[in-house]
Amino acid sequence: MSNAVRSEFSVANAYRYDRRSAVRWLIAHVMRYKWFFIATLLLYIGTYAAYTASEALIGQAIGAVIAPESLALLPTIALSVLGLKLADSILSLIGILSIETIAQRLEVDAREELYVNLLGKSQTFHNQQRVGDIMARATEDVQQLNGMINPGVAITLETAIGIAVPLIFIAALRLELLLVPLVFIALYVVAVVRYVRHLNPMVRRQREQFGKMNANLEETISGIEVVKASAQEAFERRKFRLAASLFRDYFVRQGYIEARYLPVLLFGIAFGLAFIHGMLLYQQGALSLGDVIALMGIMGVLRWPTFASIFSIALVQAGVEGARRIVNILNTETELDQNSGGYNQPIRGQVTFENVSFGYGRTHTLHNISFTVQPGQTVAIVGQTGSGKSTLTQLINRTYDVTHGRVLIDGVDVRQWDLNALRSQIGKIEQDVFLFSRSIAENIAFGVPNATQEQIEQAARMAQAHEFIMSFKDGYRTLVGERGVTLSGGQRQRIALARAFLSNPRILILDDSTSAIDSATEDQIQKAIRQVQQGRTTFLITHRLSQIRWADVILVLDAGALVASGTHDELLRRSPHYRRIFARYDIALPPLETSAAD
């Protein structure tokens, strides 16, 4: 069972879990390996049965020593105790291996499920998240699930079985001996419920504070250049120290709660009362001395479950809270759907906007935009900063969906396309190029993982990147730092261009992609781009006159509205907005046609 949550990416035949609550989700994960769980349960029952029986037999052995006529039974009893202890050890070992298998597999499955889910989330979702908090959920919270199962659930099972089995053996000795243990169990349950009620909020605050602390750390490291340039290291240190101190304080408060854990004290009282009760029955002749010793041995079995539950409850609570944070992410709705099985054809390149409006929340960025681009045309999009140029192109590959209107590719609404088929045929290069911490060759071949070295080098040559790549000691095997920080801006943009060239998209979007490249290199790249553009629809977001001039169509945006479109020469004559863009260039402008000005 699984909640139906839209996703941009999914794995075929993936195991589906019940996500209606954190507890249901955890149970669904464990029940995926129900035979391991059943085996663990049976093995633990066998373990405690063997251990408790051995304690009862020790009491019988004492009775045999006291009664000379029973001395012949001692070897049999001794061998039985040895066999039971051996069985206890073997069953316990296999039970631990079984529960550990569940714990490890649950952690792996949960981590993969969360990762796939994050890959399927929309850009809007990721824009609203703090990366450090997501990382905390994907690492620390997932790891808490492992500890929750073993030793958390393992000890909880031991607690339940370790209480139930001794009660059966005590009842077998004499039914009225259950009086003290049953009163103890009743008080134990009340004390544990009270303990959980106080512990749960503290554990929840711990997990939430860890996410905040991790988010602060990630933001500081990601923005370390700004921190150093502003000389704010001391401020960031104080900020992190405050977050870490608050995280520590929650653990200290948990310690205070655990220090008031009453079941251990209750057990001590119950142990003493059980001894008194047993001795009273012994004085009345209702119990033998061996039975009294057996009773105390069996009561001693209750000590470990009672003591260990203080740790198991905390571990289980931490795991449940971690699961809650994970399930909150898993169940967060995303705007887009993979639309698997949707329209899937090779793209020719016709792009049509029909009365398109788009906004983030209540703020509209684009207003009632309509235009059509024919296959193979080059479109330049110009406008002042914040006019909506990048947003417009993000509607083409469904990074976002329109608020009103339609975007059509080859006459088909992009929302009807199979999302993978659509995006795999659209290449985009941002001004802020992202490179992975991998080799240069792997970054170029990111969209085509099976590309040959020859194809990678050919794409690099087209992007004017081959020469500087070969200047590195390891050439195409050179590892770049995270986000490509070991490369210059121009080098990153040329690698991104090579990546786009290699993927051979039918629609190419260049978002100010040559802004960090010098003029000489830009001229060479422009020649390569013009070769690649043949037969492809290309959108250019740029302020460079050299690129705008040779566009087939130019779209002029102003405050999210399409105020003019046409060729360079037409717009110079007819569009005041377009002329204003080129006012800073030292070029002669033709007279503005009166009708257009009006």
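**Figure 1. Overall view of the predicted chain.** The model is predicted, with local features requiring pLDDT of at least 70, side-chain atom pairs counted only at pLDDT 80 or more, and totals for chains, interfaces and linings taken over all residues. Residues are numbered from 1 along each chain as its sequence is written, and side-chain values use heavy atoms, with hydrogens and water left out. The chain has 22 helices and ten strands; helices (H or I, at least four residues) and strands (E, at least two) are DSSP runs numbered from the N terminus. Along the principal axes, the C-alpha atoms occupy a box of roughly 125 × 50 × 50 Å. Of the 598 residues, 47% count as buried (buried means under 20% relative accessible area, exposed over 50%, partly exposed in between, with a 1.4 Å probe and protein chains only).

Figure 2. Helix α2 (residues 34-66) packs on helix α3 (residues 74-119) at an angle of about 160°, with their axes 8 Å apart. Axes are lines fitted to C-alpha atoms, for helices over the stretch in contact, and angles run from 0 to 180 degrees between N-to-C directions. Helices α2 and α3 are therefore roughly antiparallel to each other (angles under 35 degrees count as roughly parallel, over 145 as roughly antiparallel, 65 to 115 as roughly perpendicular and the rest as oblique). The contact of α2 with α3 comprises 23 nonpolar, ten polar and four charged residues; Ala, Val, Leu, Ile, Met, Phe, Trp, Tyr, Cys and Pro count as nonpolar, Asp, Glu, Lys and Arg as charged, and the others, Gly among them, as polar. With helix α10 (residues 289-301), α2 packs at an angle of about 155°, the axes being 7 Å apart. That makes α2 roughly antiparallel to α10, and the crossing of α2 with α10 is right-handed.

**Figure 3. Packing of helices α6 and α8.** Helix α6 (residues 179-222) and helix α8 (residues 233-259) meet at an angle of about 165°, with their axes 9 Å apart. Helix α6 is thus made roughly antiparallel to α8, and the crossing of the two is left-handed. Their contact contains 15 nonpolar, six polar and five charged residues.

Figure 4. Four strands form an open, antiparallel sheet in the order β2-β1-β4-β5 (two strands pair if DSSP finds at least two bridges between them). Strands β2 (363-373) and β5 (412-413) stand at the edges, each with a single partner strand, so one side of each lacks a neighbour in the sheet. Five bridges link β1 (residues 351-360) to β4 (residues 404-409) in the antiparallel sense. V351 stands opposite I409 in β4, and T352 stands opposite L408 in β4. Two bridges join β4 to the antiparallel β5, where V412 stands opposite I409. In the hairpin of β4 and β5, with two residues between the strands, D410 takes a positive phi near 55°.

Figure 5. L336 lies in the loop between α11 (303-330) and β1. L336 is buried, with a relative accessible area of 1%.

Note on methods: Left-handed = near helix turned anticlockwise from the far one by under 90°.
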